[in-house]
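Me: I've got a structure open and I'd like to learn how to read its features. Could you walk me through it?

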Amino acid sequence: MVGRAMIEARSLTKRYGSTVAVDDLSFSVRPGRVTGFLGPNGAGKTTTMRMILGLDAPTQGSVTIGGRRYRDVRVPMHEVGALLDAKAVHGGRTAYAHLLSLAQSNGIGRRRVEEVLDLVGLQSVARRRVAGFSLGMGQRLGIAAALLGDPAVLMFDEPVNGLDPEGIVWVRNLMRSLASQGRTVFVSSHLMSEMALTADHLVVIGKGRLIADMTVEEVVRSSSQRSVLVRSPEAPRLAQLLRAAQASVVFEDTVTLTVSGLDNPAIGQLAAANGVVLYELTPQHASLEEAFMELTGSSTEFHGSSELAR
Amino acid sequence: MTVAAAAPATARPSGPTFLHVVRSEWTKLWSLRSTPLALLIATVLGVGLGAAISAATGSHYAHADLQTKLTWDPTSNSLDGLGIAQLAIVILGIVVVSGEYSSGAIRTTLTAVPHRARVLAAKALVYTAVALVLSEILAFVAFLLGQQIISGHAPDATLADPTVLRAVVGAGLYLAALALLGVAVGALLRHSAAAIASVVAILFVLPGIGQALPASWRHPIEKYWPTQAGNQVLQVYHDPNALRPWPGFLLLCLFVAVVLAIAFVLLERRDV
């Protein structure tokens, strides 16, 4: 499973007229871990996933799964299961008929249809028409369809959209468990906090370009917004010393400072050299959310105005 | 948590061959309410209108003038309802394809079967076969019921006459060709409203405009207009200005084949 389960994008580019949706994007997605595909809305995540599945043709570059274009894959649903859009179902069909028609197209038996319905918890509504489904039920149906072929690669586009908290935890556990079975799991999201809980590795894009391809910890560590919380009875004197050493200092209260620009050892040494007593010296890691904002800050497609807030 | 059947109950899937896709399209066709509904409407219109027209013309025959008696065509009277039923059959053909685009289901379909030509071929085969079987049944039922109603009031027709038999069989073939045209136009235009408008224009509006033209223009247009030409296969009496029945039907089939071929080419090229 491992050998044929890698997604590899090489210089993937998609232009619509003069708009560049995906711009020279190269990355690979490995088996056995959850790879988060992260970016603000409009960053090109869905377009990239559609190109992986051969729904959209790249303007330039290529993307392969296990070395083959998706179109050349032998049994598509056995190799790749995809949830692109929970609404990509005809509302007039029952959940069972939808899954059955998909299963039949790839030579998958009826028993597997019952299994996946059971797995996603839709068996009680299987004979109901999809048009009456809630967004969350639609997501579960989409996930059932993705799992039908017992695929080596799973792709989910914003899978927790519309799910209740219980559903979100369920999807999170499902993805982790699929990855632990050695499958390739590629999940897009615009929510860093969600990815922090689910993903091992992140591919971050903004305006169609690759911003980062690294582990979750690396993203946090690479953030320049690291600061140190310092408590000292001589806070004002320490602040003077720190500022003289080019650090920026913010007073949280009379004995507490948030210092950025110097790391822990440097602050400790400075304090010792000047005989300042320290009560606390705690590195403050930027949250993943902050790291994400910093990474994508200049690449957000649509900027909201803060005018209304005033 | 045992997810995704760590030990899948089924063997490794074997698809998608063309036969798998055909089976899938069969399930899709019959799992929508629009299918039995449209086919029921075609049946009611085809058989019901045919019976009504047969009853009306048959009962008036005794009092009719000589001209009406000379051009008396009981076969045509009993099959007239199919001229309206064709709309239901062609529109269902359109919706079988365009419904996937409007619902977004086409993305799921083409992800499961990335070999796009196979999907369109299976759709075309399944729907045309269903339409052919139903249309032949409708043609024979409408004919037999119509003649039953006419007999006793006016001269009726019989299937023992080879020309009449050809017209009744031809009526079913003509409707099946239009069913395939619906699938092709639906795949080509992808929007239900645009596709339905186009097919109505092909079937009714453009031939109607032809009527307004001078005879020197009108005759070639009426003769070679694909649906007019194809219609000759269900006529018992041959109009000297029209193509012969089988060449006319062949022309319609060629037209459908060209539209379908363009749909195949565009399906491969366009993003979904």
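Predicted model: local features only at pLDDT ≥ 70, side-chain atom pairs only at ≥ 80, totals over all residues.

Me: What are the angle and the axis distance for α3 and α4 of chain A?

Reply: The general idea first: two packed helices are described by the angle between their axes and the distance between the axes. Here, helix α3 (residues 95-105) of chain A and helix α4 (residues 110-120) of chain A cross at roughly 135°, and their axes come within 9 Å. The crossing of α3(A) past α4(A) is right-handed.

Me: Which residues make that contact?

Reply: From α3(A) you have Tyr96(A), Leu99(A), Leu100(A) and Ala103(A), and from α4(A) come Arg110(A), Arg112(A), Val113(A), Val116(A) and Leu117(A). Sorted by class, the contact of α3(A) with α4(A) has seven nonpolar residues, two charged and no polar.

Me: Now chain B. At what angle do α8 and α9 of chain B pack?

Reply: Helix α8 (residues 162-189) of chain B packs against helix α9 (residues 192-211) of chain B at about 135°, and the axes are 9 Å apart. α8(B) and α9(B) are therefore oblique to each other. The way α8(B) passes α9(B) is a right-handed crossing. On the α8(B) side look for Leu181(B), Gly182(B), Val185(B), Gly186(B) and Leu189(B), which meet Ala194(B), Ala195(B), Ser198(B) and Val199(B) in α9(B). That contact of α8(B) with α9(B) counts six nonpolar and three polar residues, with no charged ones.

Me: On to strands. What is the strand order in the open sheet of chain A?

Reply: Strands of a sheet pair through backbone hydrogen bonds, either parallel or antiparallel. In chain A, the open sheet of three strands runs in the order β2-β1-β4, with antiparallel pairing. β2 (19-29) and β4 (60-65) of chain A are its edge strands, each pairing on one side only. From one strand to the next, the twist averages 20°. Strand β1 (residues 7-16) of chain A is joined to β2(A) by seven bridges, and Ala9(A) stands opposite Phe27(A) in β2(A). Helix α1 (residues 45-52) of chain A packs on this sheet and touches β1, β2 and β4 of chain A, with its direction at about 115° to that of β1(A).

Me: Last one: how many residues does each chain give to the contact between A and B?

Reply: Chain A gives 45 residues and chain B gives 37 residues. On the chain B side, the elements that give two or more residues are α1 (18-30), α5 (82-103) and α6 (105-112) of chain B. By class, that side of chain B has 17 nonpolar, 13 polar and seven charged residues.

Technical notes:
Residues numbered from 1 in each chain as written. Chains lettered and ligands numbered in written order. Contact = placed C-beta atoms within 7 Å. Helix = DSSP H or I, 4+ residues; strand = E, 2+ residues; numbered from the N terminus. Nonpolar A, V, L, I, M, F, W, Y, C, P; charged D, E, K, R; others polar. Axes fitted to C-alpha atoms, helices over the stretch in contact; angles between N-to-C directions. Parallel < 35°, antiparallel > 145°, perpendicular 65-115°, else oblique. Left-handed = near helix turned anticlockwise from the far one by under 90°. Pairing = 2+ DSSP bridges.
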